[in-house]
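Biologist: I am new to reading structures. Can we go through this one step by step?

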Amino acid sequence: MPNDGPGTAAASWAAALAPRLVQFAAVARYEHVTRAAQQLGVPQSTLSRAMARLEQDLGVALFARHGRTVSLTPAGRTFLASTQRALAEVERAAESVRADADPAAGKVAFGFLHTLGSETVPGLLRTFRADHPRVRFQLVQNYGEAMIERLRAGDLDLCLTSPVPDAPDLVARRLDEQKLRLVVPDDHRLASRKRVRLAEASTELFVTLEPGYGLRRITDAVCAEAGFSPKVAFEGEEAETLRGLVAAGLGVALLPPPAVPRPGVVELTVTAPRAVREIGVAWLGGHPDTPPVAAFKRFLLSRRGQLLPR
């Protein structure tokens, strides 16, 4: 067998042995080449030659021959145990991918932003499962860049993210937009207002998400459009934590609406500049969808303009 290095040797053994493992296991089970050949649907002579070649390649005797019957040698028993584990693992892998692709009961690996997890995504899943009650979901909450990485790694089928990504290897569709509000403590100088121009908060300390989060990029861009760079006092990883920091009087924040009103804060409509974030669905281009993924993708695209609660 060729052996140009460890990698080559390993690949060569796998290529040489894999097609014959089922044949070897059948002969070992029946202890009779003819019966094994009948079960496999191959000529007895073909199976005999295959087993002889297998022993020749390995350099060990796997069978002791007794006329028409055979029995395993100690080396054969050792090899059979590993062969059975390998075949069982292949069987489990095949069943797993087949189950995931089942149109009625397959799996969708779906990622979404933390801020969509309390209300938007549960509502979407409830509506989708009314027509697809057996489809299974693997749900992943994360920030946008991390989900894009997982899309590229093949860990996710689809993700809801913001901003809507623009990359040559991804396909993305805008689904909705969400107005951002200036969130201030309830005893703040602006708390009696309903509307505010963002420039009026230019001297305030801000609490924001960490760099790399989509909402942080949007916050920086909107503040820049308003003519200032926000003075960041605290950085976090989750929007409701930021609301808690605002309630504690530690700064103000530009955030999407909460699922449930938070005591201790007032949420002001920003009249200028336009403060919104676009929400879109993204997937890796050029990869065929399984039937359940295709069905959920069609469902999400049908929700364009109706994704978020009003």
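Biologist: Which elements do the buried residues of α5 pack against?
Modeller: This is a predicted model, where local features need pLDDT of at least 70, side-chain atom pairs count only at pLDDT 80 or more, and totals for chains, interfaces and linings use all residues. Residues are numbered from 1 along each chain as its sequence is written, and side-chain values use heavy atoms, leaving out hydrogens and water. Helices (H or I, at least four residues) and strands (E, at least two) are DSSP runs, numbered from the N terminus. The buried residues of α5 pack, by contact (heavy atoms within 4.5 Å), against β3, β4, β5 and α9.

Biologist: Which residues of α5 are buried?
Modeller: Buried means under 20% relative accessible area, exposed over 50%, and partly exposed in between, with a 1.4 Å probe and protein chains only. In α5 the buried residues are Thr120, Val121, Gly123, Leu124, Leu125 and Phe128.

Biologist: In the largest nonpolar core, which residues touch the most other members?
Modeller: A nonpolar core is a set of buried Ala, Val, Leu, Ile, Met, Phe, Trp, Tyr and Cys residues joined through side-chain atoms within 4.5 Å. Here the largest has 36 residues. Elements giving two or more residues to this core include α5 (120-131), β3 (107-112) and α9 (291-302). The residues touching the most other members are Phe110, Phe137, Leu158, Leu160, Phe296 and Leu300.

Biologist: How many residues are in the second, separate core?
Modeller: Among its members are Leu182, Val207, Leu209 and Leu268. The count for this second core is 31 residues.

Biologist: What handedness has the crossover from β9 to β10?
Modeller: Strands β9 (residues 205-209) and β10 (residues 231-236) pair (at least two DSSP bridges) in the parallel sense, over five bridges. Between them the chain passes through helix α7 (residues 214-225). Point the strands away from you: if the path from the first strand over the helix to the second runs clockwise, the crossover is right-handed. This β-α-β crossover is right-handed.

Biologist: Is His188 buried or exposed?
Modeller: His188 sits in the loop between β7 (181-185) and β8 (195-197). Its relative accessibility is 15%, so His188 counts as buried.

Biologist: Which side chain joins that of His188 in a polar contact?
Modeller: A polar contact is a pair of N or O atoms within 3.5 Å; within protein, one must be able to donate a hydrogen and the other to accept it, and residues adjacent in sequence count only if both atoms are side-chain atoms. At 3.1 Å, the partner of His188 is Glu204.
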